[in-house]
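Visitor: Hi! I'm new to this one, could you walk me through it?
Guide: Happy to. Let's bring it up and begin with some rings.

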Amino acid sequence: METSATLALSQVPCLYPSKPHHSRVYPFSSPLKRRISQTTHLRCQKMYVPGFGASPEAKAAKNLHNFFTYIAVNIVSAQLESYNHEAYEELMEFLSRHSLNDGDKFCASMMRESSRHKNLALRILEVRSAYCKQDFEWDNLKRVAVKMVNESNTRLMREFISETSPADV
């Protein structure tokens with residue numbers, strides 16, 4: 001969800017009433033209440049990421065979707081190699097002609113290739129779904145990604161400081 005914390009001038013809460021309220025002890029009480037009620041819907045707790053069209057999470061989900069297809073193809077090919085070498089060879093030949101960059105396009109092309117390929121594609125779709133729902137460790141993904149970002153940031157900052165600071169040797 002892309003939101004901005006910028007308010008139009010018409011949305012800025014009135015801090016100074018149009019008529020002076022000399023009789024009131026707290027002249028800001030009603031405008032303050034109005035301000036609170038106007039700004040409660042502007043909870044901008046996340047960063048705005050410009051230029052994505054969709055959210056960064058949607059882009060990451062698309063990449064994960066294609067990655068799950070890649071994983072499913074690897075799982076199915078390993079299974080076929082051990083018990084159905086002919087189907088394994090067909091899958092490898094199909095892989096040599098078609099890119100796995102777009103998982104849905106790959107599976108759609110495979111389904112239309114032949115009835116044997118359709119069965120392989122259906123198996124890949126089944127494995128992709130099962131892996132995504134049951135085997136992929138979502139919590140581990142977040143933990144590893146955060147750890148990688150922190151370690152990378154620390155390393156880059158240390159390198160920069162060591163390059164720009166005079167060495168005391």
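Guide: Phe68, Tyr131, Phe136 and Trp138 form one aromatic cluster. Rings of Phe, Tyr and Trp (its six-membered ring) pair if their centres lie within 6.5 Å; planes under 30 degrees apart count as stacked, over 60 as edge-to-face and the rest as tilted.

Visitor: Before we go on, what kind of model is this?
Guide: This is a predicted model, where local features need pLDDT of at least 70 and side-chain atom pairs count only at pLDDT 80 or more, while totals for chains, interfaces and linings use all residues. Residues are numbered from 1 along each chain as its sequence is written, and side-chain values use heavy atoms, with hydrogens and water left out.

Visitor: What is the mean pLDDT, then?
Guide: The mean pLDDT of the protein is 80, and 73% of its residues reach 70 or more; pLDDT is the predictor's confidence in each residue, from 0 to 100. Over residues 1-24 the value is below 50, and this stretch has 22 contacts in the model beyond near neighbours in sequence. Contact means heavy atoms within 4.5 Å. Residues 32-41 also stay under 50, with 5 contacts beyond four places in sequence.

Visitor: Okay, how many helices and strands are there?
Guide: The protein has 6 helices and 0 strands. Helices (H or I, at least four residues) and strands (E, at least two) are DSSP runs, numbered from the N terminus.

Visitor: Tell me about α2. How far does it reach?
Guide: Helix α2 covers residues 56-83, 28 residues in all, and spans 41 Å from its first C-alpha to its last, close to the 40 Å expected at 1.5 Å a residue. That expected span is 1.5 Å times one less than the number of residues.

Visitor: What do its buried residues pack against?
Guide: The buried residues of α2 pack against α3 (85-97), α4 (103-113), α5 (115-135) and α6 (138-164). Buried means under 20% relative accessible area, exposed over 50%, partly exposed in between (1.4 Å probe, protein chains only). Among the buried residues of α2 are Leu64, Asn66, Phe68 and Ile71.

Visitor: And Ser77, is that buried or exposed?
Guide: Ser77 is buried, with a relative accessible area of 9%. Ser77 lies in helix α2 and, leaving aside neighbours within four places in sequence, is in contact with Tyr88, Leu91 and Met92.

Visitor: Back to the rings. How many aromatic pairs are there?
Guide: The count comes to 7 aromatic pairs. Phe67 and Tyr70 make a stacked one, 6.1 Å centre to centre with 25 degrees between the planes. These two are 3 residues apart in helix α2, so about one helical turn separates Phe67 from Tyr70. Phe67 counts as partly exposed at 37% relative accessibility, and Tyr70 does too at 40%.

Visitor: What about Phe94 and Phe106?
Guide: Phe94 and Phe106 pair edge-to-face, at 5.3 Å centre to centre and 70 degrees between the planes. Phe94 sits in helix α3 and Phe106 in helix α4, 12 residues apart. Both Phe94 and Phe106 are buried.

Visitor: Last one: how many residues are in the largest nonpolar core?
Guide: The largest nonpolar core has 16 residues, and those with the most contacts inside it include Val76, Leu80, Phe106 and Met110. A nonpolar core is a set of buried Ala, Val, Leu, Ile, Met, Phe, Trp, Tyr and Cys residues joined through side-chain atoms within 4.5 Å.
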